[in-house]
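Subject: Handover of a structure model

Dear colleague,

Please find below the structure that I am handing over to you. My notes on it follow, and I would be grateful if you would read them with the model open.

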Amino acid sequence: MDLPEDFDPLALDNQLCFSLYVCSKEIIRRYQPLLEPLGLTYTMYITLLSLWEKDNVTVKELGKTLFLDSGTLTPVLKKLEGQSLVKRNKSMEDERSVIVCLTKEGHALKKKCMDIPQKMACSNILDLQKAPKLLAMLHEMMQKISDD
């Protein structure tokens, strides 16, 4: 890729990581008024999204899916457990592994969250025609990050 002669590699506006950081932070901020009435943080919400897709997983597997280390994930699971949305149990096959599963309340919460993606889409953050292309590019980046 040919860059202009006056391209400054240290200019903040030229940092992909900064643009991703700002967008991520602001998108998460926009989730807050939708999640707060449900007693959820964004990290709790994505944890539930993952469990609604695949329940009864190890903490390690859940952390890998969410790109979260156990130091970040464990407090989130404790909060979800405190709200009776998930249960954590030692694995019967390997006592070192902890299995996370949704409770009846955790499954029921899914119905209350069904309109959140639509409400976020209506916040006009991105042209919906461009969203699939951006999502594909981000998935490609995530794959490369997880391969390292």
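In these notes, helices (H or I, at least four residues) and strands (E, at least two) are DSSP runs, numbered from the N terminus. This is a predicted model, in which local features need pLDDT of at least 70 and side-chain atom pairs count only at pLDDT 80 or more, while totals for chains, interfaces and linings use all residues. Residues are numbered from 1 along each chain as its sequence is written, and side-chain values use heavy atoms, with hydrogens and water left out.

Pockets

Rolling a probe the size of a water molecule over the atoms shows where empty space is left. The search ran on a 1 Å grid over the protein atoms alone: a pocket is an open set of points where a 1.4 Å probe fits, with protein on both sides within 12 Å along at least five of seven lines, whereas a cavity is a set from which the probe cannot get out; lining residues have an atom within 4 Å of a point. Grid points are joined across faces, edges and corners, and a volume is the space filled by probe spheres set on the points.

The largest pocket has a volume of about 2000 Å³. Its lining comprises 39 residues, and I27, Y31, Y42, L135 and L138 are those nearest the centre. At least two lining residues come from each of helix 1 (16-35), helix 2 (42-53), helix 3 (59-66), helix 6 (116-121) and helix 7 (131-147). Helix 1 contributes the most, with nine residues. By residue class, the lining of the largest pocket holds 26 nonpolar, seven polar and six charged residues. Here Ala, Val, Leu, Ile, Met, Phe, Trp, Tyr, Cys and Pro count as nonpolar, Asp, Glu, Lys and Arg as charged, and the others, Gly among them, as polar.

Three of the lining residues of the second largest pocket are nonpolar, two are polar and one is charged.

F67 is partly exposed because its relative accessible area is 45%; buried means under 20%, exposed over 50%, and partly exposed in between (1.4 Å probe, protein chains only).

Three strands form an open sheet in the order 1-3-2, with antiparallel pairing; two strands pair if DSSP finds at least two bridges between them. Strand 1 (57-58) and strand 2 (86-90) are the edge strands, each pairing on one side only. Helix 4 (residues 70-82) packs on the sheet and touches strand 2 and strand 3, its direction making about 120° with that of strand 2. Contact means heavy atoms within 4.5 Å. Axes are lines fitted to C-alpha atoms, for helices over the stretch in contact, and angles run from 0 to 180 degrees between N-to-C directions.

Strand 1 and strand 3 (residues 98-102) pair over two bridges: V57 has V100 as its partner, and T58 stands opposite I99. Strand 2 and strand 3 are joined over five bridges, and V86 stands opposite L102 in strand 3. N56 lies in the loop between helix 2 and strand 1; its phi is near 55°, again a positive value in a residue other than glycine.

Individual residues

T47 lies in helix 2 and counts as buried because its relative accessibility is 0%. Leaving aside residues up to four places away in sequence, T47 touches L62, L66, L73, V76, L77 and L80.

K104 lies in helix 5 (residues 104-113) and is exposed, since its relative accessible area is 73%. K104 and L49 are 55 residues apart in sequence and 15 Å apart in space, C-alpha to C-alpha.

E26 belongs to helix 1 and counts as partly exposed because its relative accessibility is 27%. E26 and A136 are separated by 110 residues in sequence and by 20 Å in space, C-alpha to C-alpha.

Yours sincerely
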